[in-house]
Amino acid sequence: MSASTTPALVMHDVTRRFGSTVALDGLSWSARSGEVTCVLGPNGAGKTTAVEIATGLQRPDSGRVEVLGSDPWGAGAEHRARVGVMLQDGGLPQSVRPVALLRHVARFWSDPLDVDDLAARLGIDAFAGTPVRRLSGGQRQRVSLATALLGRPDILFLDEPTAGLDPHARREVHSIVREVADGGTATVVTTHSFEEAERLADRVVVVVGGRCAADGTLAEVAGGGGLEHTYFSLTDGALR
Ligand SMILES: Nc1ncnc2c1ncn2[C@@H]1O[C@H](COP(=O)(O)OP(=O)(O)OP(=O)(O)O)[C@@H](O)[C@H]1O
């Protein structure tokens, strides 16, 4: 599917402070439907804060945020039903078993993905009977990813979705992310992996010190020297 010209996400000049810490310092970037946008940046650069603002979990101090044409802060159920999110800490209930959890979550959506298919693709069926609190970090991540995908979102935020996953699971996640984006979903992936960004990204955003240091197609941002080279030249000396 061809990418739409109107961005599914626009952040313009967004600031967010925590006491004396400036997490976002005039951040501007965008993401489009049908594309994978990979967001890179050093620890503490503001990526998670940006994702939490885009999903309405945090309110910016200033600036403009538009997701699927709405301000995500205080947006209603209809808007939220179009947004999928997988955050780093997951927030999964601890005592429930993974497939039961997915069946429960699927009831919130009018046209959810097939739980059994999704569980099989992500290898969740192999630990279907184990309560969440006994799962390994990578197993929890797969469950968390499945909950983000279930409702066929129009925009999907994945915060470091493959951190800690084994190579097979990572390959499967990459193929799912590509499929979801090709189906028209604006897919935003934060990552520390150049390999992942080079494999997945249509567009790359580099956040440094709460500001956007680069925003363009993978080819534009990577240039002739490659993404790793660009990244280090943007971030060396800029760490806080
Ligand atoms: N709730 C909070 N209270 C205080 N400071 C916070 C809070 N949330 C984030 N910060 C600070 O804001 C800055 C940006 O944090 P954020 O988690 O957005 O970075 P990040 O780019 O996602 O980092 P990482 O790559 O480590 O996940 C950091 O300095 C962090 O300590």
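Two strands pair if DSSP finds at least two bridges between them. Helices (H or I, at least four residues) and strands (E, at least two) are DSSP runs, counted from the N terminus. Thr15, for example, stands opposite Asp25 in β2. The structure is a predicted model, in which local features need pLDDT of at least 70 and side-chain atom pairs count only at pLDDT 80 or more, while totals for chains, interfaces and linings use all residues. Residues are numbered from 1 along each chain as its sequence is written.

**The three-stranded sheet**

An open sheet is formed by three strands in the order β2-β1-β4, with antiparallel pairing. Its edge strands are β2 and β4 (62-67), each of which pairs on one side only. Neighbouring strands of this sheet are turned by 25° against each other on average, direction ignored; axes here are lines fitted to C-alpha atoms, for helices over the stretch in contact, and angles run from 0 to 180 degrees between N-to-C directions. Strand β1 (residues 9-18) is joined to β2 by eight bridges. Helix α1 lies across β1, β2 and β4 and runs at about 115° to β1. Contact between two residues requires that their C-beta atoms, placed from the backbone, lie within 7 Å.

**The six-stranded sheet**

Six strands make up a further open sheet, ordered β5-β6-β7-β3-β8-β9, and its pairing is mixed. Because β5 (83-86) and β9 (211-217) stand at the edges with a single partner strand each, one side of each is left without a neighbour in the sheet. On average, neighbouring strands are turned by 15° against each other, direction ignored.

| Strand pair | Sense | Bridges | Partner residues |
|---|---|---|---|
| β6 and β7 | parallel | five | Phe157 and Val188 |
| β3 and β7 | parallel | four | Val39 and Thr190 |
| β8 and β9 | antiparallel | six | Val208 and Arg211 |

A residue is termed buried if 20 or more other C-beta atoms lie within 10 Å of its own, exposed if 12 or fewer, and partly exposed in between, with C-beta atoms placed from the backbone. Five of the five residues of β3 are buried, so β3 is largely enclosed by the rest of the structure. Val36, Cys38 and Leu40 point one way from β3, whereas Thr37 and Val39 point the other way. For β7, five of the five residues are likewise buried, so this strand too is largely enclosed by the rest of the structure. One side of β7 carries Ala186, Val188 and Thr190, and the other carries Thr187 and Val189.

Helix α5 (residues 137-149) lies across β5 and β6 (155-159), running at about 175° to β5. Helix α6 (residues 167-182) packs on the sheet and touches β3 (36-40), β6 and β7 (186-190); its direction makes about 150° with that of β7.

Eleven of the 13 residues of α5 are buried, so the helix is largely enclosed by the rest of the structure. Among them are Arg140, Arg142, Val143, Leu145 and Leu149. The cover over the buried residues of α5 includes β5, α3 (98-106), α4 (115-121), β6 and α6.

**The ligand shell**

The residues around the ligand are Phe18, Thr21, Ala23, Gly41, Asn43, Gly44, Ala45, Gly46, Lys47, Thr48 and Thr49. A residue counts as near a molecule or strand if its C-beta atom, placed from the backbone, lies within 6 Å of it. Both β2 (21-31) and α1 (47-54) supply at least two residues of this shell. The largest share, three residues, comes from α1. By class, the shell divides into three nonpolar, seven polar and one charged residue. In this scheme Ala, Val, Leu, Ile, Met, Phe, Trp, Tyr, Cys and Pro count as nonpolar, Asp, Glu, Lys and Arg as charged, and the others, Gly among them, as polar.
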